[in-house]
Structure formats: C-alpha cells, structure tokens
Amino acid sequence: SREELEEERKKDEEKQRRRDERGYDSPSESEESEEESSEESEDESKDHKKKGVEGLIEVSNPNRARKGQVKTANVAAGETSQLTRRQKEELARQNYQRLQLECKTDQAQKDLARLAIIRKKREEEAAKNAAAPK
C-alpha cells in the first residue's frame with residue numbers, strides 16, 4: 001500500500017544518508033560495512049540497555065557527541081577557523097592558564113605584588129618580635 005511504500009522510501013533515504021556520512025562510493029562496500037556495523041550494534045546492544053522508546057524508534061539526538069569531533073589538544077593554533085565555539089573557548093582557557101603559570105597576566109602580577117607586600121609585613125613583624133625583650 002501507499003504507507004508501506006512511504007516507509008520503504010524513508011528507509012532507503014536513511015541508508016543513503018548513512019552511506020554519504022561514512023563516505024562509501026560503491027554499494028558493495030556499504031553492504032559489507034552495514035553487516036559489520038549491524039554486528040557491532042548487536043554487540044553494543046548487549047552491553048547497552050535501551051531506555052524508554054529507544055528500542056522502538058531510532059532517535060537522532062543533535063546534541064550527542066560525535067566520533068568525528070577534534071580534541072582541542074590535537075589542534076594547532078593556526079587552525080582555529082575550523083574549530084567550534086567550545087573548542088575555541090577550551091583553547092583560550094588553556095592559553096590563559098599557561099600565561100597565568102608564567103605570571104604574564106595582570107591578575108598574576110597583582111597577586112605577586114600582594115604577596116610581596118605580605119612577606120615584607122611579616123618580616124618586619126618578625127624583626128620587631130625578635131628585637132622586643134621578653
């Protein structure tokens with residue numbers, strides 16, 4: 001019937017989309033990989049207990065972490081235009097922490113000045129206490 005044809009068309013489109021995502025050129029490659037991926041998914045399904053309607057419907061979550069994402073530690077500084085906002089923020093945070101450890105930021109310099117003042121006061125108090133008769 002018409003509904004069955006519509007479902008079959010959707011399945012074919014989904015298979016084609018998966019092939020495109022994986023970068024397969026020939027159908028024989030994709031069929032082999034589908035068999036492998038079905039075996040892998042069976043292994044994963046044994047380990048992972050499906051919750052709610054997950055076992056009934058295939059849910060695509062756009063917020064789910066993808067395997068293809070690049071870790072910020074592996075990215076050179078010149079490739080920032082290809083990074084996501086979160087990756088850029090992570091790189092900026094790491095750079096700031098490095099500068100903070102090297103005492104090159106304003107905050108670090110102010111902290112060092114404050115510590116120098118405190119050390120000086122403590123030395124003066126220690127000298128007064130040592131000079132004062134008991």
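Which residue forms a salt bridge with arginine 17? The partner is glutamate 14, and the closest N and O atoms are 2.2 Å apart. A salt bridge here is a side-chain nitrogen of Lys or Arg within 4 Å of a carboxyl oxygen of Asp or Glu. The model is predicted: local features need pLDDT of at least 70, side-chain atom pairs count only at pLDDT 80 or more, and totals for chains, interfaces and linings use all residues. Residues are numbered from 1 along each chain as its sequence is written, and side-chain values use heavy atoms, with hydrogens and water left out.

The protein has four helices and zero strands; helices (H or I, at least four residues) and strands (E, at least two) are DSSP runs, numbered from the N terminus. Of its 134 residues, 7% count as buried, where buried means under 20% relative accessible area, exposed over 50%, and partly exposed in between (1.4 Å probe, protein chains only).

Arginine 17 and glutamate 14 sit three residues apart in helix H1 (residues 2-22), so about one helical turn separates them. Arginine 17 is partly exposed at 36%, and glutamate 14 is partly exposed at 23%.

Nine salt bridges are found in the whole structure. In one of them, glutamate 89 meets arginine 85 at 2.9 Å, N to O; these residues are four apart in helix H3 (residues 85-101), about one helical turn. Glutamate 89 is partly exposed at 36%, whereas arginine 85 is exposed at 53%. Aspartate 111 pairs with arginine 114 in a salt bridge, with the closest N and O atoms 3.0 Å apart, and both lie in helix H4 (residues 106-131). Salt bridges also link Glu6, Arg9 and Glu13 in a network.
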